[in-house]
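The following paragraphs are intended to be read alongside the sequence and the coordinates. They proceed from strand pairing to helix packing and then to aromatic contacts.

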Amino acid sequence: MQLKVSQKLLDKAIKSVVKAVPAKGIQPILNNIYLKTLQEKLLLNATDLDFWIEATIPSQNQSEGAVAISAKKIEEISSKFSDEELNLHMEDEKKVLEIGSEKIKFDLIGLPGDDFPAFEKPDLTGQDFITINRQEFLSLINVVQISASRFDLNNILGGIYIGIKETEEKEYFLEFASSDGGRLSAYSLKLDNLGENPSFVNKAVIVPIKIILDIQKILDTSVDDNVQIAFLSSQVVFKTEDRYVVSRILEGEYPNYMELVPAGHDKKAVVSRKGFQAALDRVAVMANEVTNMVKLSFKDNQMTLKCSNLDFGNAIETLETNDYEGSELEINFNVRFIMDFLKVIDSDNVVIYMNANESPALIKPETGNEYIYVIMPLKSV
């Protein structure tokens, strides 16, 4: 095995596939990254047997070969070089991979490539793919992931729902949703140019939150402008020109999350996102460390924010709202939940829809109806 490759591309590819390396591999071989030369490319692969990642980068191959190399060490080594051309060389009988530049060389002991589990790609014959802009897909993940549970990762609430919905008008929407029981994030993206009766209509998967966040980082390193998604019976595939990810899915049926979205609001407030965010950040200093509760009071086009802590004191701040509609209202929320939402949107203003102090509130960017955020109120203590 002998080749030349860009350090920058190699480092990005390693940082992508290493996300599939298990923290504690039952099989020691899984602590490695598989490297194999292809025609004018270098393939890198890693897995924990539930999650497979494959990356390819351009390379100048002088001789063919394959090896399994310590994921931890090759990640450390690749980052020690500057942006330059690297030489990779290994004698088949020795299984020692030389990684070097003009003045630096590392010798890294490897294992036979045949020892690494074979990556059998799913049969996608006749399978329809959803194709969407890669950056748009990454943005969708970013706004929806905030509501997924980080505690019970094998429960369906510890995942992101991704599904395709067909309307009576034969329009198709790619839907994302997540909820940890205290809040709900949902995004609906209209899909165009799918043709008639695509095979993935009304299909849905639930991808574990840890994996979806890894996928977000992996696809961020791709050179492709688009990402393709395929829904399989027990897996989901995310594919670009130079990244190929196969993930298991969580078993179970996701709740009908649209039933959680409140309707018939009689109170509405429009507030500056940046002003709201800054005020929450200030008053949150005095929030109770257990409840993280903030009290919002609405009256006469003003919103008052208050956090109280029995051990330290109180913080109060008042903001102007635009054309507040409805009677006076006091309602309590987890301040962190609101701040999470404000961090992932870029709208100048946000709209808060409410009914009563014990009813869920709906928060949305002022422009666009694609993203909704439902937050449950907290009871006063």
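In this predicted model, strand 2 (residues 32-38) and strand 3 are paired in the antiparallel sense over 5 bridges. Within this pairing, Leu-38 stands opposite Lys-41 of strand 3. The hairpin that joins strand 2 and strand 3 has 2 residues between the strands, and Glu-40 takes a positive phi near 60° there.

Strand 3 also pairs with strand 4 (residues 51-58), again in the antiparallel sense and over 7 bridges. Here Leu-43 is found opposite Thr-56 of strand 4. The hairpin of strand 3 and strand 4 has 3 residues between the strands, with Leu-49 at a positive phi near 80°. How much of strand 3 is covered? Of the 7 residues in strand 3 (residues 41-47), 6 are buried, so that the strand is mostly covered.

Strands of a sheet pair through backbone hydrogen bonds, in either a parallel or an antiparallel manner.

Strand 19 (residues 293-299) and strand 20 (residues 302-309) pair in the antiparallel sense over 5 bridges, and Phe-298 has Met-303 in strand 20 as its bridge partner.

An α-helix has 3.6 residues a turn, so residues three or four places apart point the same way. At the start of helix 3, a side-chain oxygen of Asn-133 reaches to within 3.0 Å of the backbone nitrogen of Gln-135.

The aromatic side chains form the next topic. A search of the whole structure finds 12 aromatic pairs. One of them is stacked, because the rings of Trp-52 and Phe-119 have their centres 4.9 Å apart and their planes at 5°. This pair links distant parts of the chain, 67 residues apart: Trp-52 belongs to strand 4, whereas Phe-119 lies in the loop between strand 9 (105-112) and strand 10 (130-133). Trp-52 counts as buried because its relative accessibility is 11%, and Phe-119 is buried at a relative accessible area of 18%.

Phe-81 and Phe-106 form an edge-to-face pair, because their ring centres are 5.7 Å apart and their planes stand at 75°. Phe-81 lies in the loop between helix 2 (71-78) and strand 7 (85-90) and Phe-106 in strand 9, so the pair ties together parts 25 residues apart in sequence. Phe-81 is buried, with a relative accessible area of 5%, whereas Phe-106 is partly exposed at 28%.

Elsewhere, Tyr-187, Phe-341, Tyr-371 and Tyr-373 form one aromatic cluster. Charged side chains also meet rings: Arg-183 lies over the face of Phe-337, at 3.9 Å from the ring centre, and the charged end of Lys-239 sits over the ring of Phe-129, 5.3 Å from its centre.

Terms used: Residues numbered from 1 in each chain as written. Predicted model: local features only at pLDDT ≥ 70, side-chain atom pairs only at ≥ 80, totals over all residues. Heavy atoms only, no water. Polar contact = N/O pair within 3.5 Å; in protein donor to acceptor, adjacent residues only side chain to side chain. Helix = DSSP H or I, 4+ residues; strand = E, 2+ residues; numbered from the N terminus. Buried < 20%, exposed > 50% of the residue type's maximum accessible area, 1.4 Å probe, protein only. Pairing = 2+ DSSP bridges. Phe/Tyr/Trp six-rings, centres within 6.5 Å; stacked < 30°, edge-to-face > 60°. Lys NZ or Arg CZ within 6 Å of the ring centre and 35° of its normal.
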